[in-house]
Amino acid sequence: MDQINHKELRQLLKFFSTELLASQTEIAQGADISRPNLNKFIKEGGKLPMKNGRDSLIKLHKYLSNNAPSDKIASQVSEDEEERQKKKEQAKEYRELLKKLSPDEFLEAAGYLPKNANRLRVSPTIYQIMVEIEAMLEIMEVEDALYSTLDFKSILYDKLRKTSNKLFPSEKIKETLPEEEPIKKDYLGDLINILMKKDTSTLPLGLKERFFIKKKLEKAYEKLKKGGKKEFTQQEALSLFLSIAVKEKSSNHLIDLSIRLEKIEYQTLSSSIEFQQDYQNLYNKIFNDIAREEEFKLAGYDLNKQDSCSNQNPQQVYDNEPVLLARLTCFLKYNDRPLEKVQFIYTSSNTPLENAIAAIGIHLGFNQELEGVHFVSTKVLDSQINGLVETTVILKDGEHRYQSTWVDRDTIKTQLQAIISAAIHWIDHTSKPEDSKDDNHSPSQLDLDLYKSILIRLSEIRTELFDLRQTFQNFRFLDDQCNTSNISEISKKAMDQLQEIPCIKKVDELRNQFKISQDENEKCKIKNQLKKINKTDIYLPYRKNLIRCFFQFKLILVRKANTQGDIRVVKCLIDELQSVLDDYPEWLEDDFLPMKTLLDAERYLYELSSGEQEYVFVKNAKDKENDLELTVTKLTTIIKNSKFYKDPGMDIYHSLSEIYGNIARLNFYLSDEKSIIEEARNNFLKAAYHASRIGANPRTARWIALAGRACIRLGEQALAQEAIELSTAIIRRELNTQYKPIFQDALLSETNLLRGEYHFIRLEYEEALFCFLRSLKGAAYLGFNRRLTDVLFNLSRCSQRIGNKTLESVFSSQYNPFQEFMTNNGENFQLEIEKIHSQGNPASATSLRLLNELLQDSKNKQTTWANVADRFLTEAKNIWKKWHDDSVNESDTKHPVVTKLEEGKWLTLIE
């Protein structure tokens with residue numbers, strides 16, 4: 001019985017219609033079959049319409065060779081007459097070539113085993129030579145055979161360049177020494193022109209292969225010419241031809257999946273902060289002392305030891321190894337479906353090439369056993385500046401090796417496309433069952449439809465996540481992208497896609513056992529079992545990445561709710577994320593640690609706001625510092641061990657920034673010990689450094705401003721002044737004409753708060769008052785609840801110091817940032833408050849209404865600042881009290897900050 005691949009036969013019949021301009025009537029007559037059955041077979045597959053496929057195809061071969069292209073089909077090609085004639089001439093050329101093809105070649109193109117089924121399809125004259133070479137390669141180890149192939153190719157390239165008349169028949173090839181300048185000519189154009197000629201029909205290429213190779217060569221040729229390359233050496237032409245030919249021939253045995261890299265973009269995320277004398281001491285502390293300590297810590301060096309590396313210039317480390325984003329735009333095609341555009345992204349402080357390779361690995365779902373990418377050979381095929389480059393790579397997966405060669409003009413793009421091409425072989429291998437894959441509890445064979453769906457969806461989600469994180473870190477909370485419903489919708493996409501991946505029943509059972517177990521030894525055993533089973537799960541990288549994306553989206557919602565002071569929502573989200581961590585115990589040691597660290601940072605902030613006694617306010621500062629040191633140590637360890645975090649990137653620097661900063665906030669707000677406030681100041685600066693590494697400039701400025709406020713408490717006025725200058729300089733770089741003035745005020749609100757406290761400590765109370773008012777306006781706009789409480793408290797103590805001066809006299813001395821509110825009876829208040837209070841935040845609304853009352857009272861020439869001081873203090877206490885009441889049910893306790901406010905001991909100067 002004939003062995004037939006129906007898919008290849010359908011493709012061949014479609015090829016006859018599109019390229020040989022053969023109507024279905026002509027094909028049916030030539031093969032002596034029913035036209036309706038033929039039409040159904042081509043469109044839907046199903047039963048083979050030929051009673052004797054081999055005989056029918058031999059008849060069709062002869063019939064098409066002796067008949068002209070169909071005018072009817074030609075008329076459907078294009079409305080342009082010139083284009084139709086060109087297509088007809090090309091179809092005639094292909095039909096003429098059919099006469100030169102043997103029936104065996106024709107049958108093989110249709111998916112039949114040829115009559116003489118040689119495993120090596122070469123001309124009989126060199127068949128014996130190829131059998132000998134094949135036998136020798138088979139005897140070798142895989143690794144040796146792959147590298148030997150490159151040596152063999154190098155020798156053949158040189159011989160082909162000197163002696164070949166099959167690909168360049170019109171040219172007498174002059175023998176040249178390798179070091180001599182090659183003959184300059186458009187050899188690629190010549191090769192394309194003769195590829196379909198009758199006298200080259202002895203090339204080991206079938207009809208379809210020859211056509212598709214020619215088509216792909218023409219496409220590459222036109223693209224390279226548009227890029228300015230007009231001449232091609234023999235070696236370039238040969239390399240490009242062979243690279244395409246090998247892929248075309250091997251694609252018959254591979255999955256019908258194509259991924260083509262179109263564009264590579266790199267973005268430097270790390271901010272380059274300019275040195276100025278106005279803040280030289282603070283600058284040196286952050287970008288010299290802290291930079292050295294933190295970067296060498298991340299590199300795994302012990303600074304307590306006199307390691308030679310500690311003498312390196314940390315500024316050089318910072319400048320030469322910025323955190324980079326690699327964004328690869330690819331076009332993916334699967335089966336006969338339309339092209340789909342996908343983006344692969346990754347950030348780290350490694351080289352651009354390493355970032356791009358990591359992006360490919362994540363998005364294509366490289367498993368844990370894929371040891372890495374090996375560039376076996378990268379060579380320039382022509383010494384000219386626009387010469388082509390050939391790269392051969394090998395991907396290693398246990399005992400399996402996946403090799404690919406690619407030729408293009410750009411070195412990095414060539415290397416990356418070669419990796420993607422080799423990955424197609426890896427995907428093909430993992431999509432086919434193997435005897436060795438015997439784990440009954442884990443999916444061990446890729447479903448290609450599902451794989452393609454996950455790849456595309458993950459790329460969409462990761463791109464949206466990165467862009468959202470950038471937007472959020474720049475405090476653009478009011479953008480539609482940062483809308484809560486939008487974030488929730490995208491996070492749901494990640495979870496929905498995860499649910500579509502086949503379930504691993506055994507893993508689910510073990511995780512349930514882990515949850516209910518009370519024995520630590522048993523839990524440890526279960527975790528080891530989970531890890532062992534997961535190793536056989538080819539979907540595991542995708543599972544982890546989808547969960548990671550879901551987790552990060554939810555963290556953004558936690559951050560937003562924490563910022564807005566929505567304590568109940570924060571608690572619900574923290575509990576939800578903790579349950580996610582509990583569901584995947586075997587992953588916590590490495591891939592989830594940065595996410596867990598960010599969750600801890602948000603939990604610290606929640607506990608500060610809620611006033612829960614059992615952890616934050618009982619545990620002493622030293623214990624928290626030990627926790628922080630342990631977290632940092634763990635983060636540096638995963639960089640060495642994790643497959644995902646090979647180098648510190650956005651996740652690592654972000655988690656370090658937030659954990660340093662939020663622990664510093666606990667100490668800054670709640671402690672009155674000098675050593676602890678000094679440690680808080682240093683941690684604020686470390687938080688600023690790590691934020692600057694990922695280009696989060698508004699957060700960098702914010703942490704520096706908070707460090708300046710710690711300096712105020714320590715009486716370090718000079719350093720506080722430098723913090724004002726540095727944080728202002730960083731924010732000024734962010735501002736542009738597209739930003740509304742109110743948003744500019746919002747970005748500067750923490751700095752204005754610091755500036756006000758600086759004036760306050762210098763007894764410049766009226767200057768401080770207007771700084772606090774500007775800070776309140778910006779904080780209210782973005783809904784920074786904790787900053788509002790700080791401002792209200794400072795307005796209270798500032799009002800007390802101004803004392804018996806009337807509101808009117810002070811307001812008339814400087815420009816009032818709330819001047820637009822000062823209308824008769826507050827008629828325009830609602831309109832103006834909507835401009836500022838875009839977030840719909842209760843604390844912002846209350847603060848602004850308080851300000852409006854104050855501004856109306858200023859028309860009463862008898863109202864003094866001492867009269868209104870308690871209003872500010874009361875509102876500050878009410879915000880902290882509400883957080884406490886919302887989180888501590890049926891409690892008659894007070895928030896510790898409320899107690900400090902009542903006692904007048906909050907944010908006091910440390911003696």
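This briefing describes a helix, a pair of strands and the cysteines of one structure. The model is predicted: local features need pLDDT of at least 70, side-chain atom pairs count only at pLDDT 80 or more, and totals for chains, interfaces and linings use all residues. Residues are numbered from 1 along each chain as its sequence is written, and side-chain values use heavy atoms, with hydrogens and water left out.

**Helix α12**
- Helices (H or I, at least four residues) and strands (E, at least two) are DSSP runs, numbered from the N terminus.
- Helix α12 covers residues 234-250, and its 17 residues should span 24 Å at 1.5 Å a residue, which agrees with the 24 Å between its end C-alpha atoms; the expected span is 1.5 Å times one less than the number of residues.
- Buried means under 20% relative accessible area, exposed over 50% and partly exposed in between (1.4 Å probe, protein chains only).
- The buried residues of α12 include Leu238, Phe241 and Ile244.

- Strands pair if DSSP finds at least two bridges between them; nine bridges join β5 to the antiparallel β6 (residues 400-408).
- Val393 has Ser404 of β6 as its bridge partner.
- Two residues lie between the strands of this hairpin, where Gly398 takes a positive phi near 65°.

**Cysteines**
- The structure holds zero disulfides, a disulfide being a pair of cysteine sulfur atoms within 2.5 Å.
- Cys798 is buried, at 0% relative accessible area, and its sulfur is 9.2 Å from the closest cysteine sulfur, in Cys771, too far for a bond.
- Cys572 counts as exposed because its relative accessibility is 54%.
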